[in-house]
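The paragraphs below walk through a model, beginning with a sheet and moving on to chains, interface and cores. Please keep the sequence and the 3D view open while reading.

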Amino acid sequence: MDVRKTYKLYLNGAFVRSESQRTYEAQGMNVPRSTRKDVRDAVRAARAAFAGWSGRTAMNRGQVLYRAAEMLDARSAEVGRLEGVERGEVAQSVEALLWYAGLTDKLAQLGGTVNPVAGPYFTFSMPEPTGVVGIVAPERPALLGLVAPLAAVLSGGSTAVALASPALPLPALVLGEVLATSDLPAGAANLLTGRHREMLPTLAAHRDVNAVEVSGCDEEERRKVEEAAADSVTRVVATEPDQWLSPHTALAFMEVKTVWHPVGR
Amino acid sequence: MTDQRTREAATETAHGSNHHAAAWEYAPAPEATDIVEIAPRQRLFIGGEFVDAHGRGRITSLNPATEEPLSEIQEADGEDVDRAVRAAEAAFRPWSRLRPALRARYVFRLSRLLQERSRELAVLESLDGGKPIKESRDVDLPLAAAHFFYYAGWADKLEWAFPNRRPRPLGVVGQIIPWNFPLLMLAWKIAPALAAGNTVVLKPAETTSLTALLFCDLCRQAELPPGVVNIVTGGPSTGSALVAHPGIAKVAFTGSTEVGKEIQRRLAGSGRRLTLELGGKAANIVFADAAIDQAVEGIVNGIYFNQGHVCCAGSRLLVQESIAPLLLDKLRRRLGTLRVGDPLDKNTDVGAINSRAQLERIESLVASGVEEGAELFQPECPLPDRGYWFRPTLFTNVAQSFRIAREEIFGPVLSVLTFRTPEEAVAKANNTAYGLSAGVWTEKGSRILWMAERMRVGVVWANTFNRFDPTAPFGGYRESGFGREGGLHGLEPYLGWG
Amino acid sequence: MDCGADFIKTSTGKVQPAATLPVSLVMLEAIRDHHRETGRMVGFKPAGGIRASKQAIQYLVLVRETLGEAWLDPRWLRLGASSLLNDVLMQIVKEREGAYQAPEYFSDD
């Protein structure tokens, strides 16, 4: 007889039940059904983690993502057996983590410029993380569709609140266990399960969320997210699967800052 | 035109109170205006021709320095916008398929034409918008021409600019620009759009449409294919029709955060692209070790340039406590030497407020500052009897919670706050929903970079302020908008991929 | 100035470059700050390189803008420019007669 595991949310570096204590059944398990308040708590945790995570060196963020790839790879058999995880999906997810682990310290060179202005000034532009990013993972692929945008967001130094696939939430919850053992600081990534329609309006309208990744939304959801986002000029990004491994996906969650200084004796 | 009497009144009293005054006043130095011919009635520019609007609305464009009418512009309605979008759609295929090097030539031509006719455009800009001729002549026009020149050069290098992305133009771009830098904003919008192979429908602001309409004549001289650039004039309803038009592939807007949010909401679910360049409430931070006289000049340039009608204006001065008395003393004296008056006078530093509506907004926010307990300082400078004017204004004793420290005033009004540590300066600078620009003044290099890293803004000016260049990306964080204008980053929003 | 100088001068005027606008601005700002701190006025003399009336006017403007009109007085401002005089004369005659002048009409010393 096997030892059953209670699956929990990954929130602020801890494994917790929904504050509402509610669950729903998915993939044969009772899974936390998160509420607006869980979203609120997750955004607060992500905001608190932002200064630390964005303040790490790019090299260090790369090391953490590499560690996450190691941890996921070590559990690939277990994750691969989960219902709904497609053949090769775990390997691809490991690949995505590695890809972004190697991108962190390339972003400034791919997305930055030195600007040859017509005057005695030195000016340069560099990408900086936008802040807290909401991620709406697609129904399928439940793991890769979450890992790819999450790795992109983390690689640039932003922190994340991700809503897992409602029908296939277990891969996301296992991913939480992977991240928890990867030296990722608490709050940098927060993974919530439950019904999107309960969480999404709160996430999209949250004034302290800087960007929302909507590739997991249907058309109607996306329209609502975009409407709510307008209240605080929140960026809305949709990442197509063919851009899952692209520096431009990471750069979509970054702002460009231009700095000027006079040149003189 | 400003009458002689007004100009004399402005110069006579601008400066002096001592007994040498009469002997050492500057003579008026008005720029001649005969270079510009302004038709009494303007039309829309659609498909390469000036056409009468279907819409019946008419708007009188005033000279804000005299309140005299300059011309009448037509208010485009939904049908006019539709006509303009169709013209742009028809022009898109041939324009986007034109050999890129040839597309570049057209954009180069526009740049050269802006240089050739720069004085004419500068005078018109100052007449229509109230900005000092010194500025339209030395800043707006050279930068507008430089923008076209810069982006012309990208037109045939897109594959090198965006390797592995297969760039392609988007289609018809709808662009809406504000009244503070009418021609320069037109350049920021049109130059990258055309270089990328798009066609455009642009709506200038209703108080400052004249230079955009004169630009149409440059398009004619450049023999730009009809429909590549279309200009529709009008107010908010025209802008609204443009944003809502299904033929528009992308919207680019520069203006207030309020309207920007409205546009973002309107475009929700449409799948159309959007870039927004919105308001700001920039902190200009002066440390005790700063070169103080340069900092004073930078502060003045930061907030009184263009009457403070600048989205990235340094409207919050943060001074390190130990030098606050000295800096403020120097600043007050410097304010006393600013010349407010006739925009066409080559000695004018601060011109006319753009419109009565804007003047009223400034007045009401300044009144709120006084009411909330801030201490107001304005130099002794008499203002002309007619026209829209506001004295350079400095508020001390300002708390971070006051409206004048939080809301964008978009006028020549500076709020002064103090700080003790770099951490406090950063915290105060970032304590706003905006995130467009910031200034930092210190002789310590490591502190500049430390500050620059921490300020959540799109542009940091260190030991300088309000510098612009076509090669340098410009744009905001948070509620100051998204997307960049200028540089390689400014080209990207006008391209699709694959 | 702190030791009691009544006048400060850019240089002898015999070496190049001598008086330039940026250098003069720095000196004028020092005079202005000294006056602000002590209440004592110090005079200024830019020398060398000022050959044309137009340049002289630029200096007058610079002094007026930085120090104010009180300094626009021979007691506080001297232009050390022997070669300037004839150009000023030429401009005065031009204003009077309406035609631009040639140097041959004016004696060199």
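What is the order of the strands in the open sheet of 10 strands? The order is S5(A)-S6(A)-S12(A)-S17(B)-S16(B)-S11(B)-S12(B)-S15(B)-S14(B)-S13(B), and the pairing is mixed. Strands here, of at least two residues (E), and helices, of at least four (H or I), are DSSP runs numbered from the N terminus; two strands pair if DSSP finds at least two bridges between them. Strand S5 (113-115) of chain A and strand S13 (375-377) of chain B stand at the edges with a single partner strand each, so one side of each has no neighbour in the sheet. On average, neighbouring strands of this sheet are turned by 20° against each other, direction ignored.

The model is predicted: local features need pLDDT of at least 70, side-chain atom pairs count only at pLDDT 80 or more, and totals for chains, interfaces and linings use all residues. Residues are numbered from 1 along each chain as its sequence is written, while chains are lettered from A and ligands numbered from 1 in the order in which they are written.

Strand S12 (residues 254-262) of chain A runs parallel to S17(B), joined to it by 3 bridges. In this pairing A:Val259 stands opposite B:Val460. B:Val460 is also the bridge partner of B:Ala438. Strand S16 (residues 437-441) of chain B pairs with strand S17 (residues 459-462) of chain B in the parallel sense over 4 bridges. Helix H12 (residues 292-304) of chain B packs on the sheet, where it touches strand S11 (283-286), strand S12 (316-320), strand S15 (413-419) and S16 of chain B. The direction of H12 makes about 165° with that of S16(B); axes are lines fitted to C-alpha atoms, for helices over the stretch in contact, and angles run from 0 to 180 degrees between N-to-C directions.

Two pairs of chains are in contact, and chains A and B share the most contacts (two residues are in contact if their C-beta atoms, placed from the backbone, lie within 7 Å). The contact takes 34 residues from chain B and 26 residues from chain A. On the chain B side, the elements giving two or more residues are helix H11 (257-267), helix H17 (445-454), S17 and strand S18 (481-482). Chains A and C do not touch, their nearest C-alpha atoms being 13 Å apart.

Chain B has 17 helices and 19 strands. Its C-alpha trace spans about 65 × 50 × 35 Å along the principal axes. Of its 498 residues, 59% count as buried, that is, with 20 or more other C-beta atoms within 10 Å of their own, C-beta atoms being placed from the backbone. Chain C has 3 helices and 2 strands, in the pattern β-α-β-α-α along the sequence. Of the 109 residues of chain C, 15% count as buried.

The largest nonpolar core has 182 residues, and those with the most contacts inside it are A:Leu97, A:Ala162 and B:Val107. Such a core is a set of buried Ala, Val, Leu, Ile, Met, Phe, Trp, Tyr and Cys residues joined through C-beta atoms within 7 Å. Helix H8 (residues 182-195) of chain B gives the largest share of this core, 11 residues. A second, separate core of 73 residues includes A:Val117, B:Cys311, B:Trp389 and B:Phe474.

Note on methods: Buried ≥ 20, exposed ≤ 12 C-beta atoms within 10 Å, placed from the backbone.
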